[in-house]
Amino acid sequence: MKKYNKNDSYWMNIALFFAKIAFFQREVPVGSILVKSDKIVGIGWNKNIQNNDPTGHSEIITLRNSGKFLKNYRLLNTSLYVTLEPCMMCLGAILHSRINKLIIGTKKKKIFKNILYRNNEILNSKRFKIKIVKNVLQNECSNLLKNFFLNKRKNIF
């Protein structure tokens, strides 16, 4: 795991923009982008409710869009920026897509707590070698999620 740089902040801000779209669509506010050679090749935000799709997670949507754009299911030499630590389903898709770098805004607090730590041996195996950077714009990503669930509890949505 390494420290993040200004480029990571720049790209995470764009992923955060898509998380805000999810927020205003009353979806859990998670956004993501896939970057290759300093260009965005895929975007996504949570659309589970809107699409009645249990696999409608931001990361899955981004990977699907990227594969179509690049005309390849292997997303080599790419970096995935996601505002929230991926769940098990998304982590599996990320591994199989062969991205090079996973940049995470904030980690999960509940249910699948610390999925990346539990699966460290998989992430660092010879087959799947992914660089992981954590806590990029952590406060911004975390606060958006906190505000969303606070609004849900207050029945503002």
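## Aromatic pairs

A search of the whole structure, which is a predicted model, finds six aromatic pairs. Rings of Phe, Tyr and Trp (its six-membered ring) pair if their centres lie within 6.5 Å; planes under 30 degrees apart count as stacked, over 60 as edge-to-face and the rest as tilted. One of the six pairs joins Phe23 and Phe24, edge-to-face, with 5.2 Å centre to centre and 80 degrees between the planes. Phe23 is buried at 10% relative accessibility, whereas Phe24 is exposed, with a relative accessible area of 67%. Here buried means under 20% relative accessible area, exposed over 50%, and partly exposed in between, with a 1.4 Å probe and protein chains only.

Phe148 and Phe149 also form an edge-to-face pair, 5.0 Å centre to centre, with 85 degrees between the planes. Phe148 counts as buried at 1% relative accessibility, and Phe149 as partly exposed at 37%. Ring pairs link Phe23, Phe24, Phe148 and Phe149 into a cluster.

## A lysine over a tryptophan ring

Lys47 lies over the face of Trp45, 4.4 Å from the ring centre. The criterion for a charge over a ring is that NZ of Lys or CZ of Arg is within 6 Å of the ring centre and within 35 degrees of the ring normal.

## Basis of the model

Residues are numbered from 1 along each chain as its sequence is written, and side-chain values use heavy atoms, with hydrogens and water left out. In this predicted model, local features need pLDDT of at least 70 and side-chain atom pairs count only at pLDDT 80 or more, while totals for chains, interfaces and linings use all residues.

## Fold and surface

The protein has seven helices and five strands. Helices (H or I, at least four residues) and strands (E, at least two) are DSSP runs, numbered from the N terminus. In order from the N terminus, the elements run α-β-β-α-α-β-α-β-α-α-β-α.

Of the 157 residues of the protein, 49% count as buried. The accessible surface comes to about 8,900 Å², and 54% of this belongs to carbon and sulfur atoms; the areas come from the Shrake-Rupley method with a 1.4 Å probe, and for residues only the protein chains shown count as cover. Among contacts (heavy atoms within 4.5 Å) with a separation of 6 or more, 61% are between residues 24 or more positions apart.

## Nonpolar cores

A nonpolar core is a set of buried Ala, Val, Leu, Ile, Met, Phe, Trp, Tyr and Cys residues joined through side-chain atoms within 4.5 Å. The largest has 20 residues, and Trp11, Met12, Ile33, Tyr81, Ile103 and Val136 touch the most other members. Helix H1 (6-24), strand S1 (31-36) and helix H7 (138-153) each supply at least two residues of this core. H1 gives the most, with nine residues. Another core lies apart from it and has 17 residues, among them Val41, Val82, Leu91 and Ile94.

Asp8 is found in helix H1 and is buried, with a relative accessible area of 1%. Leaving out residues up to four places away in sequence, Asp8 touches Tyr81, Lys101, Ile103, Val133 and Val136. Of these contacts of Asp8, Tyr81, Ile103 and Val136 are also among the residues named for touching the most other members of the largest core.

## Loops

Asn135 lies in the loop between strand S5 (131-133) and H7. Its phi is near 65 degrees, a positive value in a residue other than glycine. Asn135 counts as partly exposed, at 36% relative accessibility. Leu137 is found in the loop between S5 and H7 as well. Leu137 has a positive phi of about 55 degrees although it is not a glycine, and Leu137 is buried, with a relative accessible area of 11%.

Lys107 is placed in the loop between strand S4 (101-106) and helix H5 (115-118), and counts as partly exposed at 36% relative accessibility. Lys107 and Ser142 are 35 residues apart along the chain, and their C-alpha atoms are separated by 8.3 Å.

## Cysteines

A disulfide is a pair of cysteine sulfur atoms within 2.5 Å. By this rule the count is zero. For Cys90, the closest cysteine sulfur is in Cys87, at 3.7 Å, so the two are too far apart for a bond. Cys90 is buried at 0% relative accessibility, and Cys141 is buried with a relative accessible area of 2%.
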